[in-house]
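Biologist: Could you give me a close look at one part of this model? Which residues surround the ligand?

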Amino acid sequence: MTKNVASKNEEAGKKWVKEDPDKEDVYWPSEELKKKAWISDPKIYKKAKEDPKKFWAEKAKEALDWFEEGDEIYEEDPPYFNWFIGSKTNLAYNCLDRHLEDRRNQAAIIWEPEPTDESNRILTYQELYREVNKFANALKDLGVEKGDAVTFWMPMIPETAIAALACQRIGAWHSIVFTAFSPDAVKDRMDDAGSELLITADGFYRGGKTATLKEKIDPILEELGTDNCVVVNRAGTEPEMKEGRDHYFDELIEDKESYCEPEKLDAEDTGFLLYTSGTTGKPKGIKHSVGAYAAQAALTTKWVFDLHENDVYFSTADMGWITGHSYSLYGPLLNGGTTLWYEGSPYYPNPDRWWDIIEKYGANIFYTAPTAIRALRQKGSDWIEDHDLSSLRLLGSVGEPIDPDTWKWFFNKVGEGRCPIVDTYWQTETGGILLTSLPGIGPFVPGVAGPALPGITYDVLDATGEPVDVNESGKVVQKPPFGIGLLRGVYKAHEKYKAEYWSEYGDKIYFSGDGGRKTEHEVGGNRLIEITGRIDDVLEVSGHRLGSAEIEDAISDLDEIVEVAVVPKPHDVKGEVPAVFALLKSDVEVSEEIEEKIVNIVREKVGPVATPGAIYFVPDVPRTESGKVIRRFLKGLVKDGELGDMTTASNPECLKELAEITEYNGPEEFEF
Ligand code: PRX
């Protein structure tokens, strides 16, 4: 039935159509969108499925310039696999050199500083090319070679892009650490990667203040005995510079040659490392390949964001996150696009800064995270009303499930009911987007990420390894041939790699760690998948298995709620009960009435078994740099247990207050 209604809507499709007024909303693209989109024929799914290897080989050829082409497309040696064996390319070459003929005067990067009295910077392709070449030569002069790891602790400034591309040009591996991570976190990552060079800035602007970096990292450089540190003078804080070790970026490139031959890298050479948290222990250095990663970044940017000539593309993702790598920098430049970077806080000087930037530059595509959307929503829709957002054509969401209520606000208020929302599901490990609906095909269902992209062999399996039925939930996996951009290992940690990803169903099935539900929606023979959250976020209440996400979804339907996190709290009789951490809208008072509403909506939407055992009204919840709630901390709080390493929290200021609210009485001391 769905299929018939869907195709009818597709035919009708002048504007968004609700598939069934009594059920959830399902939106299909308008004719105008379809006409403009790079991909509008659902046959692509079938074609890719028939022969995924051939499909990717053709697409990779189309997406990149290759110096040499190998004979073999794909090989496997579980749990490892390779793509485009023997082919040679270079990511920086593909981002820059090949665009010089057609668009050397086009803006490659538009950079908006946080201070409103400072000028923006616009780097054309020609200018970016020159800076990258010079800095690549500077890196070589500092002794950096192909296969060396270079750690970055850098804000969102143009030099971060220049340095990353320079590493790519010479085949060095950048390992970018988010600036909200602590110096200790930088140390662990430098140590693990064996970096002899750190690239940083003296400081940067965030929330109207100067955040310093260089002075904070100095003790670490001493401790590690690091050979070299390159410092961008961003905030004029004049940090101490150690003779022979510390070099200012500008001085370093001043006299460098403006051409550096791009290294002809093997498709399967390592392109970069990016550290991310696993289920246990220290962060892991995820290894990505050069060729397949680049092809995936190029193709998915084109397909998913439907990037076109003259588009201004605004991704709010920081370079410390995989989203920054693939979709703030490489993806748009590989396509010859214009990427818009903003240095600072969305609340500075007012909570309309992003809307202001969209208006100022006429941004067409806007990609951000649900947590940010919820926070800005909390500030009130009034902040949007005064801005002309008519340039926007497409919206994107990433990083966590976006609840239908937030989806609709994003759709109606930011997209003015005009722009499709691509809810992109993927991971640091996948390197690029895995599941999402395509703008020229659809459908878009609030709260549902979408189908696997063409050529991606995903599935949702039950505990025995069998694919689940429609409307059933299970574990999200990939099957061979594996996505071209999927990680190629964990740096120096084969056992970790195997245990984390290849043990759930053996070494021929990649397990993502996420739960998913096959929805009744389908496109091109592919089911749309709703991501229900990490598998480890599961509660056992009186023997009943309940998803945190399920309860959270129910509670976030309440108008009073901005954000909610649910974790298991130990209970004498029931084993566990849900503990609710709720953030209320600024104009809502804590009351018994709202408590009752939460209990009732959970009982109503999930069932009496899910009745919360504790409700905490909190000012904020701890988050990682990518905005995800650090549940481990909340879980520890409610069971008076260990809280784990919190150096990765991007908002540590809320931790102490949370401990007070939950009357934490565990082994940890609060000295934040
Ligand atoms: O749980 C999924 C969630 O974020 C995890 C990956 O996090 P990270 O490696 O930090 O990369 C985030 C940026 C790609 C996944 O395992 N996740 C990511 N995107 C979505 C999502 N959950 C639901 N919907 C999404 N669109």
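Modeller: Here is a walk around the ligand, from its neighbours to its cover.

This is a predicted model, where local features need pLDDT of at least 70, side-chain atom pairs count only at pLDDT 80 or more, and totals for chains, interfaces and linings use all residues. Numbering starts from 1 along each chain as its sequence is written, and side-chain values use heavy atoms, with hydrogens and water left out.

So let's start with the neighbours: 17 residues surround the ligand, each with a heavy atom within 4 Å of it. The closest are D423, T424, T428, D514 and K628. Sort this shell by class and you get six nonpolar, six polar and five charged residues. Here nonpolar means Ala, Val, Leu, Ile, Met, Phe, Trp, Tyr, Cys and Pro, charged means Asp, Glu, Lys and Arg, and the others, Gly among them, are polar.

Now for polar contacts, pairs of N or O atoms within 3.5 Å. W321 brings a polar side-chain atom to 3.4 Å from an oxygen atom of the ligand. P401 uses its backbone instead: an N or O atom there lies 3.5 Å from a ligand nitrogen. Y425 also has a polar backbone atom 3.5 Å from a nitrogen atom of the ligand.

How much of the ligand does the protein bury? Taken alone, the ligand exposes 540 Å² (Shrake-Rupley method, 1.4 Å probe), and the protein buries 94% of that.

Finally, two elements give two or more residues to the shell: β20 (421–424) and β24 (526–534). Both names are for strands, DSSP runs of E with at least two residues, numbered from the N terminus. D423 and T424, listed among the closest residues, fall inside the 421–424 range of β20.

Key:
A polar contact is a pair of N or O atoms within 3.5 Å; within protein, one must be able to donate a hydrogen and the other to accept it, and residues adjacent in sequence count only if both atoms are side-chain atoms. Helices (H or I, at least four residues) and strands (E, at least two) are DSSP runs, numbered from the N terminus.
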